[in-house]
Amino acid sequence: MTPSPRISVLLPARNAERWLRYAIRDLLDQRAIELEVLVVDDHSTDDTPRWIDRFATAEPRVRSVATAGRGIAAALS
């Protein structure tokens with residue numbers, strides 16, 4: 001059997017603390033594929049960065065990238 005492909009999921013977030021934990025948890029629950037979650041915080045002013053840090057500290061498959069509030073297109077590039 002061949003190993004599952006490694007997939008990087010880009011998850012843009014701006015003031016997304018309300019949904020972020022559910023989105024990350026749903027992605028990490030995917031057991032059939034090997035993946036990493038790159039959460040791109042686009043200059044949030046709520047607790048989004050704190051939630052990202054909590055996941056990144058507890059789960060090595062989650063990484064954080066911060067941008068300067070340039071919008072979703074810039075966050076994904």
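I started with Glu-59, which is buried at a relative accessible area of 16%. My cut-offs: buried is under 20% relative accessible area, exposed is over 50%, and partly exposed lies in between, with a 1.4 Å probe and protein chains only. I then looked at its partner: the side chains of Glu-59 and Arg-61 meet in a salt bridge, 2.9 Å from N to O. For a salt bridge I required a side-chain nitrogen of Lys or Arg within 4 Å of a carboxyl oxygen of Asp or Glu.

A note on the source: this is a predicted model, in which local features need pLDDT of at least 70 and side-chain atom pairs count only at pLDDT 80 or more, while totals for chains, interfaces and linings use all residues. Residues are numbered from 1 along each chain as its sequence is written, and side-chain values use heavy atoms, with hydrogens and water left out.

**Salt bridges**

I found 6 salt bridges in the structure. Side chains of opposite charge can pair when their charged atoms come close. I went to Glu-36 next. Glu-36 is buried, with a relative accessible area of 12%. It bridges to Arg-63, with the closest N and O atoms 3.5 Å apart. That pair links distant parts of the chain: Glu-36 sits in strand E2 and Arg-63 in strand E3 (residues 62-67), 27 residues apart. Helices (H or I, at least four residues) and strands (E, at least two) are DSSP runs, numbered from the N terminus. Arg-63 is partly exposed at 44% relative accessibility.

Glu-36 also meets Arg-6 in a salt bridge, 3.4 Å from N to O. Here strand E1 supplies Arg-6 and strand E2 supplies Glu-36, and the two are 30 residues apart. Arg-6 is exposed, at 52% relative accessible area.

**Core**

I turned to the largest nonpolar core, which has 14 residues. A nonpolar core is a set of buried Ala, Val, Leu, Ile, Met, Phe, Trp, Tyr and Cys residues joined through side-chain atoms within 4.5 Å. Leu-11, Leu-20, Ile-24, Val-37, Val-39 and Val-62 touch the most other members. Two or more residues each come from strand E1 (6-13), helix H1 (17-28), strand E2 (34-42) and helix H2 (48-58). H1 gives the largest share, 4 residues.

I checked Val-62 for contacts (heavy atoms within 4.5 Å). Leaving aside neighbours within four places in sequence, Val-62 touches Ile-24, Leu-28, Val-37, Val-39, Phe-55 and Ala-56.

**Asp-46**

I located Asp-46 in the loop between E2 and H2. Asp-46 is partly exposed, with a relative accessible area of 21%. What lies in contact with Asp-46, beyond neighbours within four places in sequence? I listed Asn-15, Ala-16 and Glu-17. Asp-46 and Asn-15 are 31 residues apart in sequence, yet 5.4 Å apart in space, C-alpha to C-alpha.

**Segment after H3**

I ended at Leu-76, in the segment after helix H3 (72-75). Leu-76 is partly exposed, at 39% relative accessible area.
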